[in-house]
Amino acid sequence: DTRKWNVLIAAFGRMQDVDAMFAEYDAMKECNIAADCYTMSILVNTLIKTNQFDAFDTLLSDIMTNKLVDVYVFAGIMDGLIKSGKPDKVYPIWTTIRNEFEITPNALCYAFAIMAAYQCHELTL
């Protein structure tokens, strides 16, 4: 059951124990338990908090391939791209998530989009 695994993954995420968190995530996959958007949100947010942007890039590929995106993961992805110094990647991801996954952004998503545009010098405030 995904929920039980998410509780374990979230516990390690709150402790910022990325290795243990991903060990549980890998064990979850080995048991053929499907991750959900909450799983991805935990993983994304923990990687951002711990500045582990290489792992974030790998996870982003998995998220996009498996379409494990909701509005919270959407915002987390944009935050991660900005914090990892890749604000130029926000618009392509924005377009894909909006068009292919049909996710409607919330105010936080729009704030990150504005921040990315500003950092790319496409917007002057």
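Q: What makes Phe74, Trp94 and Tyr110 a cluster?
A: In this predicted model, ring pairs link Phe74, Trp94 and Tyr110 into a cluster, and by the rule that ring centres must lie within 6.5 Å the count comes to three aromatic pairs.

Q: Why is the pair of Phe74 and Trp94 called tilted?
A: The ring centres of Phe74 and Trp94 are 5.4 Å apart, with 55° between the planes; since planes under 30 degrees apart count as stacked and over 60 as edge-to-face, the rest being tilted, the value of 55° places this pair in the tilted class. The pair links distant parts of the chain, with Phe74 in helix 5 (residues 71–83) and Trp94 in helix 6 (residues 90–100), 20 residues apart.

Q: Why are Phe74 and Trp94 described as buried?
A: Buried means under 20% relative accessible area, so Phe74, at 0%, counts as buried, and Trp94, at 12%, counts as buried too.

Q: What makes the pair of Trp94 and Tyr110 edge-to-face?
A: The centres of Trp94 and Tyr110 lie 5.2 Å apart and the angle between the planes is 65°, which is over 60 and therefore edge-to-face. Because Trp94 lies in helix 6 and Tyr110 in helix 7 (residues 107–119), this pair ties together parts that are 16 residues apart in sequence.

Q: Is Tyr110 buried, exposed or partly exposed, and how do you know that?
A: Tyr110 has a relative accessible area of 39%, and as this value lies between the limits of 20% and 50%, Tyr110 is partly exposed.

Q: Why are helix 1 and helix 2 called roughly antiparallel?
A: Helix 1 and helix 2 pack at an angle of about 165°, with their axes 8 Å apart; angles over 145 degrees count as roughly antiparallel, and the two helices are therefore roughly antiparallel to each other. The crossing of helix 1 and helix 2 is left-handed, and the residues that make the contact include Trp5, Ile9 and Phe12 of helix 1 and Met21, Tyr25 and Met28 of helix 2.

Methods
Residues are numbered from 1 along each chain as its sequence is written. This is a predicted model: local features need pLDDT of at least 70, side-chain atom pairs count only at pLDDT 80 or more; totals for chains, interfaces and linings use all residues. Side-chain values use heavy atoms; hydrogens and water are left out. Rings of Phe, Tyr and Trp (its six-membered ring) pair if their centres lie within 6.5 Å; planes under 30 degrees apart count as stacked, over 60 as edge-to-face and the rest as tilted. Helices (H or I, at least four residues) and strands (E, at least two) are DSSP runs, numbered from the N terminus. Buried means under 20% relative accessible area, exposed over 50%, partly exposed in between (1.4 Å probe, protein chains only). Axes are lines fitted to C-alpha atoms, for helices over the stretch in contact, and angles run from 0 to 180 degrees between N-to-C directions. Angles under 35 degrees count as roughly parallel, over 145 as roughly antiparallel, 65 to 115 as roughly perpendicular and the rest as oblique. A crossing is left-handed if the near helix is turned anticlockwise from the far one by less than a right angle, and right-handed if clockwise. Contact means heavy atoms within 4.5 Å.
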